[in-house]
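Visitor: I'm new to this one. Could you show me around and tell me how you know what you say?

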Amino acid sequence: MTPSLARLRRSGILAFALVAAGACRTPPDVSSFASATSDLAASIKTSERTVSAELTTLAKAWPKEQKELAASIAASFQRQWSARDALADALLEYSASLVAIVQAGNEGEQSARALAGSFQQLCSAIDVAMPPAGAVEAAVNLGASLYAKFAQHYAATTLGEGMREMQPYADEASKLLAGSLSSIATGLDAIRDQIRQNVEDELVGDEKVSSERNRLKVLRKRRVDLLGETEAVRERTRAARADLASHPTAETEKSLAQAGSALSALESEVASVEASLQTQTAILAPYDARETDDERRLSTEIELVMTARDGLATWASAHARIATAALEKRPLQVDDLVQTAQQIRELARALQAGRKD
Amino acid sequence: MAKTFDDYASDLEVLLGGAHDAMAARDDALMKAAHGDLAAFIAESNDLVPGVIELDDVASHSMRDITLVRLGKALDEDLDATSADLARLVKQFSNQAAVNDSAAAALRLERVKAVTDAAITAVDEMKKLRDAVDETTPDGKKLVKALRDAIDAVVAVQKAVAT
């Protein structure tokens, strides 16, 4: 080996070795964590919009005083929630910074490999006249490998130590936001309970929907009573007919005629009540449909909020596991968090689809 | 026996008392139950009895009051109770994000430094080698050209990493 090549090899190794550390530690993949954080943050922000929209709809037809009170609650809520949105943004920023560390560590390896590639080109060139160049290539590759390990080790250590220090705050943020989402769920439950009554208070002509429903209820009861009476009269008719057959007298004939007449009158009234029932059911059908839609929409909204709320505990737990995995060089499993994020996305999609309908 | 107006009025009075107590206690479960009881009253009362529709209106008004208290408690009072901690947490996470970003930047800088150091050394060595080669021979010419190409390749990688 020529003195120049020897110097080249030594300096190449030295340059990499200066930045290389002994231990190898790969930073865990935090992209799933960042993605789940993004979904959770989005659902925190969506929750505010959902509640605000529902509050506006809820109080639209209320008496002035109650409507103003509802508007005042909506304004306070928006003010309170903006601080939660700010925390969601801070969590997003924080999770992005975790990804940045891991990426910087992994890009260190890519850069080292790229430089090693260029050295390989150099070695190929030198090899034209100087066979020992292969040794230089091997040395440079070793240097690249050491640098890659350093970058990953540094990233993993920084990540693990930083996250471990932040764990109490992650737990606190998770608990606080979960509590806030519980409050939202309670608010949406109150809206769900009330919105049905709002529909019942609407007017159909001069009558409230609840009065029309009351009428339907009376008609249904009347129908049941009439059917019972009809069956009794039918039985009486059968008995009168049998009585007439065995004792054909004017009296038994009169009894049969009376029973037949009563049966006819009852059947006629049943038919009339059936017709009224159909009319009444048709009147209430659009209100029933709205109540069902409202119930379904609010239930999905509550489910989404509760899923996000439960997801926050999983998020904090995943945060702790990533810190441990980074520090202890252990494989990382955050499947539960990924599953929660998936659930949130599906519920949000279902909610959007429901609103479009 | 069918209920009279007085029966309904008496029932409603009891329900309104329960609703008042629930609201005063600000207990969500009690308020929800009172709201449900009033809804059941409206649904079950016979509107054909004179005056019952007006009783329904009173019940309905009270239901909205209960809803407002439930909403005020959940969406204002309960949230307000924890708002003070939020600003501190926002600051904590933002600060840590800045620390993390600095660490990532330092790592990237270290990467650039490592690659730059290695590349500078390599280029210097190659230049020395190139200067030492006798260009008058065909092999020498070939080697010098190869070294120039290699130097360009290393410098290109160095620039790419540094950006």
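Visitor: Happy to start with chain A. In what order do its elements run?

Guide: From the N terminus on, chain A goes α-α-α-α-β-β-α-α-α. That comes to seven helices and two strands. Keep in mind that this is a predicted model.

Visitor: How confident is the predictor in each chain?

Guide: For chain A the mean pLDDT is 83, with 78% of its residues at 70 or more. Residues 1-24 of chain A fall below 50, and beyond near neighbours in sequence that stretch has 57 contacts in the model. Residues 128-132 of chain A also stay under 50, with nine contacts beyond four places in sequence. Chain B averages 87, and 88% of its residues score at least 70. The model as a whole scores ipTM 0.78 and pTM 0.78.

Visitor: Let's zoom in. Why is B:Met31 called buried?

Guide: The cut-off is 20 or more other C-beta atoms within 10 Å. B:Met31 has 24 such neighbours, so it counts as buried. You'll find B:Met31 in helix 2 of chain B, residues 28-44.

Visitor: Which residues does B:Met31 touch, leaving aside its neighbours within four places in sequence?

Guide: B:Ala22, B:Met23, B:Ile66, B:Val69 and B:Arg70. As for B:Val155, it is 124 residues away from B:Met31 in sequence and 75 Å away in space, C-alpha to C-alpha.

Visitor: How do you know that the length of helix 2 of chain B agrees with what a helix should span?

Guide: Take 1.5 Å a residue, times one less than the number of residues. For the 17 residues of helix 2 of chain B that gives 24 Å, and the end C-alpha atoms are 24 Å apart, so the two agree.

Visitor: Which residues of helix 2 of chain B are buried, and what puts them on the same side?

Guide: The buried ones are B:Met31, B:Ala34, B:His35, B:Leu38, B:Phe41 and B:Ile42. They cover an arc of only 115° around the axis, and therefore sit on the same side of helix 2 of chain B. On the other side, B:Ala29, B:Ala40 and B:Glu44 are exposed.

Visitor: What makes B:Arg26 stand out?

Guide: B:Arg26 isn't a glycine, yet its phi is positive, at about 50°. Most residues other than glycine have a negative phi. B:Arg26 lies in the loop between helix 1 and helix 2 of chain B.

Visitor: Why is B:Arg26 called partly exposed?

Guide: Exposed needs 12 or fewer neighbours and buried needs 20 or more. B:Arg26 has 14 C-beta neighbours inside 10 Å, so it counts as partly exposed.

Visitor: Back in chain A, why does A:Ala325 count as buried?

Guide: A:Ala325 has 24 C-beta neighbours inside 10 Å, so it passes as buried. This residue is found in helix 6 of chain A. The C-alpha atoms of A:Ala325 and A:Glu291 are separated by 50 Å, though the two residues are 34 apart along the chain.

Visitor: How do you know that the span of helix 5 of chain A agrees with its number of residues?

Guide: Helix 5 of chain A covers residues 209-246, which is 38 residues. At 1.5 Å a residue they should span 56 Å, and the end C-alpha atoms are 55 Å apart, so that agrees. Among the buried residues of helix 5 of chain A are A:Val209, A:Val233, A:Thr237 and A:Ala240.

Visitor: Which residues touch the most other members of the largest nonpolar core?

Guide: A:Leu87, A:Ile101 and A:Ala155, in a core of 87 residues. Elements of both chains give two or more residues to this core, including helix 3 (64-126) of chain A and helix 3 (52-132) of chain B. A second, separate core has seven residues, among them B:Leu129, B:Leu143, B:Leu147 and B:Ile151.

Visitor: What is A:Ile101 in contact with?

Guide: Beyond four places in sequence, its contacts include A:Ala155 and A:Leu159, along with B:Asn100, B:Ala103 and B:Ala104.

Visitor: And how much of each chain is buried?

Guide: In chain A, 38% of the 357 residues; in chain B, 39% of the 163 residues.

Terms used. Residues numbered from 1 in each chain as written. Chains lettered and ligands numbered in written order. Predicted model: local features only at pLDDT ≥ 70, side-chain atom pairs only at ≥ 80, totals over all residues. Helix = DSSP H or I, 4+ residues; strand = E, 2+ residues; numbered from the N terminus. Contact = placed C-beta atoms within 7 Å. Core = buried A, V, L, I, M, F, W, Y, C linked by C-beta atoms within 7 Å. pLDDT = per-residue confidence, 0-100. Arc of directions from axis to C-beta.
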